[in-house]
Amino acid sequence: MVKMHPCTKPLPVEDPDGDQRWMSIHNRFLSETREKDADVIFIGDSILQALQHTDIWNELFAPLHCLNFGIHRDLIQNVLWRIQNGELDNVRPKAVVLHVGTNNHQNTPEEIVDGITEIINSIKEKLPDVYIVVPSLLPRGQHPNVIRDKINLVNEILKSRLPIIPKVELIAIDKGFIQPDGTISHHDMHDYLLLTNAGSKKAFEPVHELLLQLLNEGEPEKDLTPSE
Amino acid sequence: MNNPCVIPARPEDVVGDKRWESMHKRYVTEARTSEPEVVFIGDSIVQQLQFSTIWTEKINSLHCLNFGIGGDRVEYVLWRILNGEFEFNVPIKAVVVFVGTNNTDCTPHEVFEGLLEIVRAVKSKLGGVAIVLPTLLPRGQNPNPYRERNDHVNTFLLDKFENPANAEPGLTENVHVVRIHGGIVQGDQTISHHVMHDYLHLTDSGYAKIFEPVHSKLMQILKN
């Protein structure tokens, strides 16, 4: 019997009397899958959306033919809904980078990991051969706080759960942000949540390295015979 | 009938990481220890402005501080002005105030009254300083109630500060409403994601086009 945690139940962002921005963004992502070829798709929340506006995106990720499907404030269940409703339907990427969970502060660490696992299952249903890269969740807040503790627990559980799943690569990106005095610098996260240019380099250069490896793994061996 | 926009208030820390408080404290320290000539205060559109090309190449050379906080409502900005962020050690030449789009549950008139309260608060701290009020931007890919709301706020602002018949001593002097909301909504009534990547926040080229009039106004003010 599957226990239905809130994180495993796909949920769109409702906007009954507002400006429908979330649905507009989702629809635009659907168009992008029909118009563009991508080798890597980033999907997730605020951290990924903000990443797209850093220097490192243009320098390192754009050349890899990436699509960025990050939406600010997204919960795990919103990302789940987007995947189950078309955002991975018309594409054949070699890798998907999944990063979501920081906004699920009302859920327990177990619920959060259950939700991430559910997303991984959905991705595999759509794209059975894809590599799924899961960067660890980042700490937040200038000073030690309960959310940091929760995020730490999530990362611990991910470490024990994800390595047994084939073609899922968990990568630690959270080291180097908490200074010896326990604080996070606004030079790394300008609002103690979203990465600056410097912070995004620190966190996502390792992701870039990993992607290079994964994207090249499928390359046929080069013919080294000199031509006549 | 209380208008929430005119009552200084802090947001609740629902997440538990005290980020808003951290940013406020950092801004209070910056106010005390920096020597700016221009201060920007407002919501995420102000906050993200500091990462744009027009900021790094043009606006920041005017010696600016950026006190933007994502998600801020009118009443939070009001609170910040009255609680330390405007305690400067040097004379300020101009203040740019840009907030209101997040007060989605308030009427246009309530938002307008809140902005007037902010103007009064700025004047109470900095006397006759020049105050720049860029008009609120449209939002959403397609026509929607928030666009109309922001438009109405702009109508109230323009009427109050540009119509000599509405001049009010102690409130309307040296306040410059700068029109920046035109040219965003296209002929088919949509907003392009090339201007607003999520139909609310500006792209780099969006900032370059839309904040140029603010830059020009500041140049004018600083020249005098």
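**Entry 1: pockets**

I began with the term: on a 1 Å grid over the protein atoms alone, a pocket is an open set of points with protein on both sides within 12 Å along at least five of seven lines, a cavity is a set where a 1.4 Å probe fits but cannot get out, and lining residues have an atom within 4 Å of a point. The model is predicted, so I noted that local features need pLDDT of at least 70 and side-chain atom pairs count only at pLDDT 80 or more, while totals for chains, interfaces and linings use all residues. Residues are numbered from 1 along each chain as its sequence is written, chains are lettered from A in the order in which they are written, and side-chain values use heavy atoms, with hydrogens and water left out.

I looked up the second largest pocket and found 15 lining residues, with H186(A), R26(B), E30(B), Q50(B) and F51(B) nearest its centre. Helix 1 (19-33) and strand 2 (64-68) of chain B are the elements that give two or more residues to this lining. Helices (H or I, at least four residues) and strands (E, at least two) are DSSP runs, numbered from the N terminus. The volume of the second largest pocket is about 220 Å³, a volume being the space filled by probe spheres set on the points, with grid points joined across faces, edges and corners. I sorted its lining into six nonpolar, seven polar and two charged residues. Here Ala, Val, Leu, Ile, Met, Phe, Trp, Tyr, Cys and Pro count as nonpolar, Asp, Glu, Lys and Arg as charged, and the others, Gly among them, as polar.

**Entry 2: cavities**

I searched the whole structure and got three cavities of 30 Å³ or more. The largest cavity holds about 50 Å³ of space. I listed its lining as G101(A), T102(A), N104(A), H105(A), I112(A), I147(A), K150(A) and I151(A). Helix 6 of chain A supplies the largest share of that lining, three residues. The second largest cavity holds about 40 Å³, and its lining includes D43(B), F98(B), L136(B) and N150(B). By class, I count five nonpolar, three polar and one charged residues around the second largest cavity.

**Entry 3: where the chains meet**

**Entry 4: salt bridges**

I counted four salt bridges between chain A and chain B; the term needs a side-chain nitrogen of Lys or Arg within 4 Å of a carboxyl oxygen of Asp or Glu. D19(A) pairs with R139(B) in a salt bridge, their closest N and O atoms 2.6 Å apart.

Over all chains, I found 28 salt bridges. In one salt bridge, R161(A) meets D114(A) at 3.3 Å, N to O. This pair joins distant parts of the chain, with R161(A) in helix 6 and D114(A) in helix 5 (residues 109-126) of chain A, 47 residues apart.
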